[in-house]
Amino acid sequence: MNNELYLNPKLFSDSENIEQMSMLQGFGEGLLAAGDHDKRIVALSADLRKSTKVDIFANEYPERFIEMGIAEQSMASVASGMAAMGKIPFITSYAMFSPGRNWEQIRTTICYNNVPVKIIGTHAGILTGADGGTHQAIEDIALARVLPRMTVLSPCDANEAKSMTIQAAQTNNPVYIRIPRGDTPLVTTKETPFEIGKAKIFFRPDGDADIGVIVSGHLVYNAIRAAKELDEEGIRVRVLNLSTIKPIDIDAVVALARQTGKIVTVEDHQIAGGVGSVVAETLASRAPALMRFIGIQDVFGQSGRPEELMLYYKMDINSIKSVIRELYEN
Amino acid sequence: MSYLHSDKIKILETKASEIRQAIIDSVLNAESGHIAGALGMTDVFVLLYFHTLKHNPKDPLWEERDRLILSNGHICPALYTTMAYAGYFPIEELKTLRKFGSRLQGHPHREFLPGIETSSGPLGSGLSQAVGMTLADRIDRGRSSNRFFYCLVGDGELQEGQNWEAIQMAGKERLHNLIVIVDRNNIQIDGFTEDVMPLEPLQDKFEAFNWHVINASGHDFDDLDDAIIQAQAVFAKPTVIIAHTIPSKGLGVAERDFRWHGMPNKKIKIEKSKWKITI
């Protein structure tokens, strides 16, 4: 493990009993903390104040909270107008609807206008679970990253979601943060440093690594467990937490590819346009590596418990291990 | 009741006539652009920039200014030309409309030209932005703020659903500093609005969303000015002025013809001498 990062010690000693917390809670606390310091911050909700956890801010600062009703398109543009008047608006909804339904409004009225609106897309990925495929946003990274000026962030746990929200509030450009539903393992601690644009190695076995894993979001936990178990088999895997998807940390990604020559990407998102694509685009002209892509393979999601879905879509620890093993033997 | 002095009206009429010809010239020079809406709304732009708006062309970002949000960005030749005549930039620059490197983009871009409040073109999102600006103003200055937010929208544009999300919100929030002016010229690209997708009864629709509605002539400065003053006075609701306009107003060969929404088809041959404003 990387000691400088103050990761959760249980990750390496007792990983099956690690604490769980909702990343939405991390976002909600982060927004409140940002709002305490900066009165320009306002929050908008499209009839989802509780399930997005924007209610933590709304309860404290009702005069800076705007209830839009179920109107995500207008929400994006209303936020643009507020930003033009000097506000720093956070718009909150499910990722399927924002940036899903309101993509053109985000493109034209936020990014083309170049105003600092922060887009919080919750219930991203298949962890959304029982609600089924309609509500599982697995295309949102692709939608957000093609927009000039947009920063795209994907936290690995609640602590990172909180740090990320606080830092996103301080930038002058549009930011998209994708957040899954439900409790996920706490990979980091409150002491773990976070900086937009920097990717950190979260798991590093002794000596040179054979394989590099580049992972974003809640699957960082599964990736670290897979790497740890493979270490015991003699396959040495480094795990890079790509919490900033755009702008990508070119140096960190290239260094890992140069060192290992073999890269596996892991994401709870479509392979097309997501983390795998970003990494492949980055490496192709700089440090071409043999790659494998773990993620959703051009299909829609469906109802189920998160662990059932992770198994079915091959994002569970054993599936990650077998992909790494196959690449190791290649 | 009339607030405008007849001398002032004469000045505005002369200005409007000059600006209309300059719009024609700039669009001809660009060899593309939208004529009908620009000429139809010229009188509205002239009244706003030469009489109504609190603004300073030499300090386009002056905090105390009223905001003018153009939602139907395609009629920007009227916006640019009026701004040039009001002193925002040299009239000469109108020749660069739609050319490479120009500040006068085919559809307005906020960052290219100071004084443009928002980038627009894709229809239906200007009104939401105006609602957001008015809301932010209310958070900062309360309900007695004396900044007004004028949002110009096309009539065909009201077929976009997002407008009605914004209209319901402005009604809910009682945004009395928001004044919307609809360019009711009855045409859109594919034909007359009432054939393509009817908007009527437009007044009833706005009223059902808790708006104050005023009908006005889009070419009568007195009538328009009265409507704006009334809109500024209404406190309980946002106001929409349905400005009844003649598309391509002043260009005899094109008036009321929906085919002139954009540049006329190359097959419609017009003699050079006919590209003249006749009012």
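Two strands count as paired if DSSP finds at least two bridges between them, and the predicted model shown above can be read with that rule in hand.

Q: What makes strand S6 (residues 151–153) and strand S7 (residues 175–179) of chain A a pair, and in which direction do they run relative to each other?
A: The rule asks for at least two bridges, and three bridges join S6 to S7 in chain A, so the two strands pair. They run parallel, and Thr151(A) stands opposite Val175(A) in S7(A).

Q: In which order do the seven strands of chain A form their open sheet?
A: The order is S3-S2-S4-S5-S7-S6-S12, and the pairing is mixed.

Q: Why are strand S3 (65–67) and strand S12 (244–246) of chain A called edge strands?
A: Each of these two strands pairs on one side only, where pairing again calls for at least two bridges. Neighbouring strands of the sheet are turned by 20° against each other on average, with direction ignored.

Q: How do you know that helix H4 (residues 72–84) of chain A packs on the sheet, and which strands does it touch?
A: Contact requires heavy atoms within 4.5 Å, and helix H4 touches strand S2 (41–45), S3 and strand S4 (88–94) of chain A. The direction of H4 makes about 170° with that of S4(A). Helix H8 (residues 158–168) of chain A lies across S4, strand S5 (118–122), S6 and S7, and runs at about 165° to S7(A).

Q: What is called a salt bridge between Arg149(A) and Glu111(B), and how do you know that the name applies?
A: The cut-off is 4 Å between a side-chain nitrogen of Lys or Arg and a carboxyl oxygen of Asp or Glu. The closest N and O atoms of Arg149(A) and Glu111(B) are 2.8 Å apart, therefore the pair meets the rule. Across the interface of chain A and chain B the rule finds two salt bridges, and 16 residue pairs are found in polar contact.

Q: How many residues take part in the contact of the two chains, and how much area do they bury?
A: Chain A gives 26 residues and chain B gives 26 residues. Between them the chains bury about 2100 Å², 56% of it on carbon and sulfur atoms. In chain A, the residues that lose the most area to chain B are Met85(A), Tyr112(A) and Asn113(A), together 29% of what that side buries.

Q: Which element gives the largest share of the side of chain A that touches chain B?
A: The largest share, nine residues, comes from H4(A). By class, that side of chain A has ten nonpolar, ten polar and six charged residues.

Terms used: Residues are numbered from 1 along each chain as its sequence is written. Chains are lettered from A and ligands numbered from 1 in the order in which they are written. This is a predicted model: local features need pLDDT of at least 70, side-chain atom pairs count only at pLDDT 80 or more; totals for chains, interfaces and linings use all residues. Side-chain values use heavy atoms; hydrogens and water are left out. Helices (H or I, at least four residues) and strands (E, at least two) are DSSP runs, numbered from the N terminus. Axes are lines fitted to C-alpha atoms, for helices over the stretch in contact, and angles run from 0 to 180 degrees between N-to-C directions. Buried area is the accessible area (1.4 Å probe) that two parts lose on being put together, summed over both. A polar contact is a pair of N or O atoms within 3.5 Å; within protein, one must be able to donate a hydrogen and the other to accept it, and residues adjacent in sequence count only if both atoms are side-chain atoms. Ala, Val, Leu, Ile, Met, Phe, Trp, Tyr, Cys and Pro count as nonpolar, Asp, Glu, Lys and Arg as charged, and the others, Gly among them, as polar.
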